[in-house]
Amino acid sequence: MARSALLNVMVQAAVKAGKSLTRDFGEVQNLQVSVKGPGDFVSQADFKAEKIVHDELMKSRPTYGFLGEEGGEEKGTDGAHRWIVDPLDGTTNFLHGIPQFATSIALERNGEIVAGVIFNPATDELFTAEKGGGAFLNDRRLRVAARRVLSDCVIGCGVPHLGRGNHGKFLVELRHVMGEVAGVRRMGAAALDLAYVAAGRLDGFWEAELHPWDMAAGLILIKEAGGFASDMKGGQNMFETKTVVAGNELIQKALLEVSNRPVPAR
Ligand code: IPD
Ligand code: CA
Ligand code: CA
Ligand code: CA
């Protein structure tokens, strides 16, 4: 597998951030934590990892724009390119000592995601994809799962933060999906959930209230692994609607239909 110079820059940044996250994960009880909103935490580990990724990427491509979860948006002088970064996806898991978290880095060119890297330092799993070049887990080429009916499928999901998003709507979606599938998982790191769809570990995934940094790298992984993703209305406005539904062609369609079923009348 030959990686482009740009992808190598992204991998290096993710691996460097991963070293910092691994150190902080080892003494998580000593980290300063603040609360962004109900059930929504951020720690020193998030800020440190974002600075590392930012500095690595901007050292290599100083003219690109940068959108990071913790630092917000920096416009670049190069209007075509933007990095989209979640330095620590799965903060709640991280702070609870659960090794399901990752750094996610995507590169957008003229509004299209052209490369993505998701790295979980706790498992040493590096997911990478470039437009037209396929998706990989370490050196292994990825392909989405081939299951054809929902009743055989394990589907991932996310639960909106307390008081944010529409919990009532999510519970209706969950009830409908649970009634059709072999199993539902809520693993707590959306970037990894999407990477798991690319890897065929999850047959599908849906979530609302996501941000571009949660989804950008995962979306190109899924595409390059032969999968499909849409927003919850079936369009391609995932960033604007903050929603995503993903899977192989059949399962994505089926999941979209089931998750959109109307609230049952009482
Ligand atoms: C969160 C995780 C979680 C998802 C939330 C995200 P963070 O990201 O991806 O799985 O359900 O919507 O905000 O805050 O840990 O980077
Ligand atoms: Ca967060
Ligand atoms: Ca995130
Ligand atoms: Ca984050």
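Student: How do the residues of the shell around ligand 1 divide into nonpolar, polar and charged?
Tutor: The shell divides into three nonpolar, five polar and six charged residues. Here Ala, Val, Leu, Ile, Met, Phe, Trp, Tyr, Cys and Pro count as nonpolar, Asp, Glu, Lys and Arg as charged, and the others, Gly among them, as polar. Please note that this is a predicted model, in which local features need pLDDT of at least 70 and side-chain atom pairs count only at pLDDT 80 or more, while totals for chains, interfaces and linings use all residues. Residues are numbered from 1 along each chain as its sequence is written, and chains are lettered from A and ligands numbered from 1 in the order in which they are written.

Student: Which residues come nearest to ligand 1?
Tutor: Of the 14 residues around ligand 1, the nearest are Asp89, Thr91, Gly158, Gly188 and Ala190. A residue is near the ligand if its C-beta atom, placed from the backbone, lies within 6 Å of it. The elements β5 and α3 each give two or more residues to this shell. Helices (H or I, at least four residues) and strands (E, at least two) are DSSP runs, numbered from the N terminus.

Student: Why does ligand 1 lie between the domains?
Tutor: Domain 1 (5-141) and domain 2 (150-259) both give residues to its shell, so ligand 1 lies between them. These bounds come from an automatic or database domain assignment.

Student: And how many residues of domain 1 are in contact with domain 2?
Tutor: In domain 1, 34 residues are in contact with 25 residues of domain 2. Contact means that the C-beta atoms of two residues, placed from the backbone, lie within 7 Å. On the side of domain 1 that touches domain 2, β7 gives the most, with six residues. By class, that side has 16 nonpolar, twelve polar and six charged residues.

Student: New topic: what is the strand order in the open sheet of eight strands?
Tutor: The order is β4-β3-β5-β6-β7-β8-β9-β10, with mixed pairing. Two strands pair if DSSP finds at least two bridges between them. The edge strands, β4 (72-74) and β10 (140-141), each pair on one side only.

Student: How many bridges join β5 to β6?
Tutor: Seven bridges join these strands, which run antiparallel. The bridge partner of Trp83 in β6 is Leu107.

Student: Which strands does helix α2 touch?
Tutor: Helix α2 (residues 44-60) packs on the sheet and touches β3, β5 and β6.

Methods
Axes are lines fitted to C-alpha atoms, for helices over the stretch in contact, and angles run from 0 to 180 degrees between N-to-C directions.
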